[in-house]
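User: I would like to learn how to read a protein structure, one feature at a time. May we begin with a helix and then proceed to the other features?

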Amino acid sequence: MTKKESYESRTEAFLLPLMEENRFELVDVEYVKEGSNWYLRAYIDKEGGIAIDDCECISRRLSDWLDKEDFISDSYILEVSSPGLGRPLKKEKDFARSLGKQVDIKLYRAREKQKDFTGVLAEYDKNTVTIELEDGDRMVFERGDIALIRLAFDF
């Protein structure tokens, strides 16, 4: 397990009971470097949406625990937030609840001279994602080729 995976895993293990206690959902935990800064981010959600007070409550408890445990060797910025509308589909539960809904897929490399595809999420498994296009055709994508998949929004 990499350092990144270890930090994410330990943080997730701490947060899961808190999520249950507050009837929240832990959407994701990520430890990422952006520019010269490391970020430890926890994305939380609940039915009806997360409020700033919810984020503050979880952030305080998580921060206290992280200070006590002190297992992250780098300096980092802690963020607890809602995943927002552009929430990526990452986990099994994300894909399951999105079946039959319109999704946007961005690929790492162009396929048929394009990197962006939109269609209805028709099927998925651990290796592939299948969408149905407007014309009824289906496209199958290898998960390793997908840079980002999220629900499509029409504004």
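**Reading the model feature by feature**

Analyst: On the face of α2 that is turned away from its buried side, the exposed residues are Ile52, Asp53, Arg60, Asp64, Asp67 and Lys68. Please note that the model is predicted.

User: Which residues of α2 are buried?

Analyst: The buried residues in α2 are Asp54, Cys55, Ile58, Leu62, Trp65 and Leu66. They lie on the same side of α2, because they cover an arc of only 105° around the axis. The general idea is as follows. An α-helix has 3.6 residues a turn, so residues three or four places apart point the same way.

User: What covers the buried residues of α2?

Analyst: The cover includes α1 (3-22), β2 (37-45) and β3 (76-81).

User: How should I read the arrangement of the whole protein, and what pattern does it follow along the sequence?

Analyst: The protein has 3 helices and 8 strands, and along the sequence they follow the pattern α-β-β-α-β-α-β-β-β-β-β. The C-alpha trace spans about 55 × 35 × 30 Å along its principal axes. Of the 155 residues, 34% are buried. Among contacts between residues at least 6 apart in sequence, 51% join residues at least 24 apart.

User: How far apart are Val27 and Lys90 in sequence and in space?

Analyst: Val27 and Lys90 are 63 residues apart in sequence, and their C-alpha atoms are 8.8 Å apart in space. Val27 is found in strand β1. At a relative accessibility of 4%, Val27 counts as buried, because the cut-off is under 20%. Leaving aside residues up to four places away in sequence, Val27 touches Tyr43, Ile44, Asp45, Pro83, Arg87 and Lys91.

User: Is Glu30 buried or exposed?

Analyst: The relative accessible area decides the matter. For Glu30 the value is 15%, so Glu30 is buried, the cut-off being under 20%. Glu30 is found in strand β1 (residues 25-34). The side chains of Glu30 and Tyr43 are joined by a polar contact of 3.0 Å. Not counting residues up to four places away in sequence, Glu30 touches Glu8, Tyr39, Leu40, Arg41, Tyr43 and Lys90.

User: How many aromatic pairs does the structure have, and how is one of them described?

Analyst: A search of the whole structure finds 7 aromatic pairs. In the case of Phe117 and Phe141, the ring centres are 5.1 Å apart and the planes stand at 55°, so the pair is tilted. This pair links distant parts of the chain: Phe117 is in strand β5 (residues 114-124) and Phe141 is in strand β7 (residues 138-142), 24 residues apart. Both Phe117 and Phe141 are buried.

User: Where do the charged ends of Arg41 and Arg143 sit?

Analyst: Here one looks for a charged group over the ring of an aromatic residue. The charged end of Arg41 sits over the ring of Tyr39, 4.4 Å from the ring's centre. The charged end of Arg143 sits over the ring of Phe95, at 4.1 Å from its centre. Arg41 and Tyr39 are also among the residues that Glu30 touches.

Key: Residues numbered from 1 in each chain as written. Predicted model: local features only at pLDDT ≥ 70, side-chain atom pairs only at ≥ 80, totals over all residues. Heavy atoms only, no water. Phe/Tyr/Trp six-rings, centres within 6.5 Å; stacked < 30°, edge-to-face > 60°. Helix = DSSP H or I, 4+ residues; strand = E, 2+ residues; numbered from the N terminus. Buried < 20%, exposed > 50% of the residue type's maximum accessible area, 1.4 Å probe, protein only. Lys NZ or Arg CZ within 6 Å of the ring centre and 35° of its normal. Polar contact = N/O pair within 3.5 Å; in protein donor to acceptor, adjacent residues only side chain to side chain. Contact = heavy atoms within 4.5 Å. Arc of directions from axis to C-beta.
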